[in-house]
Amino acid sequence: MLKYLIKRILWMFPMLIGISLISFFIMHLAPGDVTSNESSFNPKASEESRQKLRELYNLDKPVMVQYGLWLKRIVKLDFGRSFSSHQRPVLWEEKDKNGNITKGLIQESLPITLLINLLGIFIIFSISIVLGTASAIKQNTWVDRSITLFVFVGFAIPGFWLALLLMYWTGVANQWLPISGLHSQGYLSLDLFSQTLDLLKHLVLPVFVSSLSGLAGISLYVRNGMLDVLHQDFITTARSKGLSEKRVIFVHALKNAILPLITIVGLSIPGLIGGSVIAESIFAIPGMGKLFYDSVLMRDFPVIMGILTIGSVLTLFGNLLADLGYAWADPRVRKGIIK
Amino acid sequence: MTHHPSHTIARIITLLILIFNLISCSNNEVETIDYKDSYKLEGGGNLVNAMVGEPSNLIAMIAGDSASSVIAGNIFNSLIKYDEKLNYAPELAEKWDVSLDQKTITFTLKENLFWADGTPLTSEDVLFTWKLVTDPKTRTPYASDYLLVKEASAPNPKTFIVTYDETYAPAIDTWASLHILPKHILKDEDINNTFFSRNPIGSGYYQLDQWISGQQVTLKANTKSSQGPANIKYLTSRIIPDTSSQFLELTADNIDLMNINPIQHQRVFPARKDLEQKINLYKELGNGYTYLGFNLKKEPFNDINVRRAINYAIDKDEVIKGVLLGLGEPVASPYKPGTRWNNANLSPYPYDPNKALSLLKAAGYQKNQSGLFEKDGKVLGFEILTNQNKQREMTAVLVQRRLKEIGIDVTIRVIEWASFINRFIKTGDFNAVVLGWSLSLDPDQYNIWHSSQQGPGQFNFIGYNNKEVDKLLEDGRKELDPSKRQKIYYKFSEHLLSDSPIVYLYAGYGLSAVNKRVQGIKTPAPPAGIYHNSYDWFIPQSLRRNEMAN
């Protein structure tokens, strides 16, 4: 087992280099660089000055050389500095000689995205398990059909449209919830409890809208897993032993039915750091999706590469964790009965 | 007992409704305020506005994005500014004298200028700023204008002198756009990477109070402002990337001011009496115009008759009505109507399809069976390129329709900005573009129209080449006398209109929606726009928003 683990981890390195090489080249295939954004199309900004900027950012060098420079920094875990936002550190805060701290771009965007995604995943999984189990038990009844209809409508509804409707309904027409942003004006003067409450109020709509589309997939997984399990012999055995239906379903069946979810949880780990550009723009949340999107538009290469690198490391680790988690949860996998 | 999932769902729904009720403020009453005609001026309050992008930093010479320059403009001062009629006016400098040979400008600073931290602001700061912007290590795209200065000096704390190699008429304008930075803070800093860029100390009406990354930038009135005090105490700019969300925030009274689009101005607001009751709409001529530009190095645009024919075939009023819902003006020169440099005797090419037809025939084109013009077996047609900008896309469609009517086959292609510039504009690989230029305040447009400015990455990418215009542009750069300069640029505008290297389509209005609590906004807007006196605006105590802080 340990040997397997070490082998898997060592394999990650060539994999990472491959991923970063491909991302780096694809990124450079798109025409333009940080000196050619729309606001620099200004007769006051001369071509010579822009050429000078390109040289200062090493953008005049061949792509291979630029990749080499990037690789040299990244092995020291130095993610570099952003081009477009005045040399801010990409990953983590830095202190200047006077002790002033400049926060990193990812450092500032990641916590809120993680919070929203974790809340989202928690809500998706808890609701989906309930909905999926319910529709499996009541298979082919109106309960099953209306749940399926509900999750598919949730999946199909355009998020931005629903978001705007809800913002209008809860924010303008009724003033129940704040419309956008993360904090109310002057929240810094509040105590910690009120600050948290204020933040949570701001998160209700973004989390709700981003969770709604996730219900369909997971609840169908649970439903199908449950149906599979319910038709197996050990359930019949359990029933024939005279166990209550409640115990049969919630103790014996559910445990087995949600096993495949471990894989899904593992695979969602890289997704935790990715935010939705549309949701973040509409709700004015400064998260990872907007950061990545803006960086692509601005051709801010260090930021793009920084986010991609962290994303690929997490993907590889997520896969590993899913495999390990499966082995831990399912004795059959552990003992090598099934792969 | 079996468990009923339907009960669970019902319980969840009940719970959700309960939560909604608990967190709601239970205040559904819409209060209506009777606004008075005028209010007593009262200092204080907080003006909240919305902006789509976050400033990249607050040092304008390095930033370049519009969000940065808007906010930095409240914090820093230049030597000179433009007044409400867009004439030069003193800002940090009380006067500026041009030497007889027109090569030396002597600026005299006002008395008692201070930085927000209390340090005196002197000509040493101005000299320092000039050295900074011209330093090759400084990552600024705006150095070229300042590199023309041969010598700069600060002989005493109130005097700053610059000498140019040759007379450079746009020089005054360049000193109206350079924010003066504090030497005592920045002298040992690397300007490209300094804490100062997010925590600036300036001399303007406001100073930075708080910058919450990605969310809002709050400015506070600067008590040591070099221009006297501002009325409103706090300016909060919330970063809300989506304009629909901005609009909801405005209607819910959470922000006071936003830029709106023509549809909101013409359709949404008139239909909503509740909004009209509390929100004022303002319009002012914007700072740019939209045009259809031809690649003059390519067939068929090297033929002036074809260019003029296209100009006559396009109905500009229709474009303004269709794209801007009437909220724009036609232009006939690259200068803002109503300002000194705009030649009011010029008028745009009228919509005249018959004239267009006869010009095309004069150029040797004949209609073929499918109703399209043709010469030497080649159909007259071209592709219009534009970037992802709704107004420009709609404009291109209207142009396409009108040209199709007279027999020119037009296709449209919309491309992301960076690709558009690098793949097509820089390489000269295009037929025609719908793009915009700014209606510049200084009349010098050498970089856009002079024949020497056609290299890759330069701005005369359409390849305009007219010896007389070259001469006028060169003369205009050397002439500091405003009335002589005016004659030069009148002549220049005439050539530009008659050569028709571009079709002027429209100059759109900038549209703002402002909550009525904000008082003191001039209407109708002067040429400089409503914001030029924003430091004179005020929010009467009785109309202020009930806020948790401030």
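Predicted model: local features only at pLDDT ≥ 70, side-chain atom pairs only at ≥ 80, totals over all residues.
**Entry 1: chain A overall**

I began with the secondary structure of chain A, which comes to 15 helices and two strands. I then took the extent of the C-alpha trace of chain A along its principal axes and got about 85 × 60 × 40 Å. Chain A has 339 residues, and 33% of them are buried. For contacts in chain A between residues at least 6 apart in sequence, I noted that 66% join residues at least 24 apart.

**Entry 2: annotated spans in chain A**

I looked up the UniProt record for chain A. The entry is unreviewed and places the feature "transmembrane region" at residues 9–30, 114–137, 149–169, 203–222, 257–283 and 303–329. I checked two of these spans against the model. Residues 9–30 of chain A are 95% helix and 0% strand, and 33 Å lie between the end C-alpha atoms of this span. Residues 257–283 of chain A are 59% helix and 0% strand. Here the end C-alpha atoms are 36 Å apart.

**Entry 3: domains of chain A**

The assignment for chain A gives two domains. Domain 1 is made of 1–94 + 300–339, and domain 2 covers 110–286. I noted 30 Å between the centres of domain 1 and domain 2 of chain A, taken over C-alpha atoms. In the contact between them, domain 1 of chain A places 13 residues against nine residues of domain 2 of chain A. I sorted the domain 1 side by class and found seven nonpolar residues, five polar ones and one charged.

**Entry 4: chain B overall**

Chain B has 18 helices and 21 strands. Its C-alpha trace spans about 85 × 80 × 50 Å along the principal axes. Of the 550 residues in chain B, 45% are buried. Taking contacts in chain B between residues at least 6 apart in sequence, I found that 67% join residues at least 24 apart.

I also looked up the record for chain B. UniProt, in an unreviewed entry, lists residues 88–453 of chain B under "domain: Solute-binding protein family". In the model this span is 30% helix and 26% strand, and its end C-alpha atoms lie 28 Å apart.

**Entry 5: domains of chain B**

How is chain B divided? I have domain 1 at 76–197 and domain 2 at 288–508. The centres of these two domains of chain B, over C-alpha atoms, are 36 Å apart. Each domain contributes 10 residues to the contact between domain 1 and domain 2 of chain B. On the domain 1 side, I listed six nonpolar, two polar and two charged residues.

**Entry 6: a four-strand sheet in chain B**

I traced an open sheet of four strands in chain B, in the order β4-β5-β7-β6, with antiparallel pairing. Its edge strands are β4 (93–98) and β6 (149–156) of chain B, each of which pairs on one side only. On average, and ignoring direction, neighbouring strands of this sheet are turned by 15 degrees against each other.

I followed one pair within this sheet. β4(B) and β5 (residues 104–109) of chain B run antiparallel and are joined by five bridges. One of the residue pairings I wrote down is B:Ala93 with its bridge partner B:Leu109 in β5(B). Helix α4 (residues 123–134) of chain B packs on the sheet and touches β5, β6 and β7 (159–164) of chain B. The direction of this helix makes about 160 degrees with that of β6(B).

**Entry 7: a three-strand sheet in chain B**

I found another open sheet, with three strands in the order β15-β16-β17 of chain B and antiparallel pairing. β15 (366–367) and β17 (378–379) of chain B are the edge strands, each pairing on one side only. β16 (residues 373–375) of chain B pairs with β17(B) in the antiparallel sense over two bridges. B:Lys375 stands opposite B:Lys378 in β17(B).

**Entry 8: contact between the chains**

How many residues does the contact take from each chain? I have 64 from chain A and 62 from chain B. Which helices of chain A each supply at least two residues of the side that touches chain B? They are α2 (47–56), α4 (105–137), α6 (159–173), α10 (245–257) and α12 (277–282) of chain A. The largest share of this side, seven residues, comes from α2(A). By class, I recorded the chain A side as 24 nonpolar, 25 polar and 15 charged residues.

Notes. Residues numbered from 1 in each chain as written. Chains lettered and ligands numbered in written order. Domains from an automatic or database assignment. Contact = placed C-beta atoms within 7 Å. Nonpolar A, V, L, I, M, F, W, Y, C, P; charged D, E, K, R; others polar. UniProt positions renumbered as here; feature names shortened; annotations may be inferred. Pairing = 2+ DSSP bridges. Axes fitted to C-alpha atoms, helices over the stretch in contact; angles between N-to-C directions. Buried ≥ 20, exposed ≤ 12 C-beta atoms within 10 Å, placed from the backbone.
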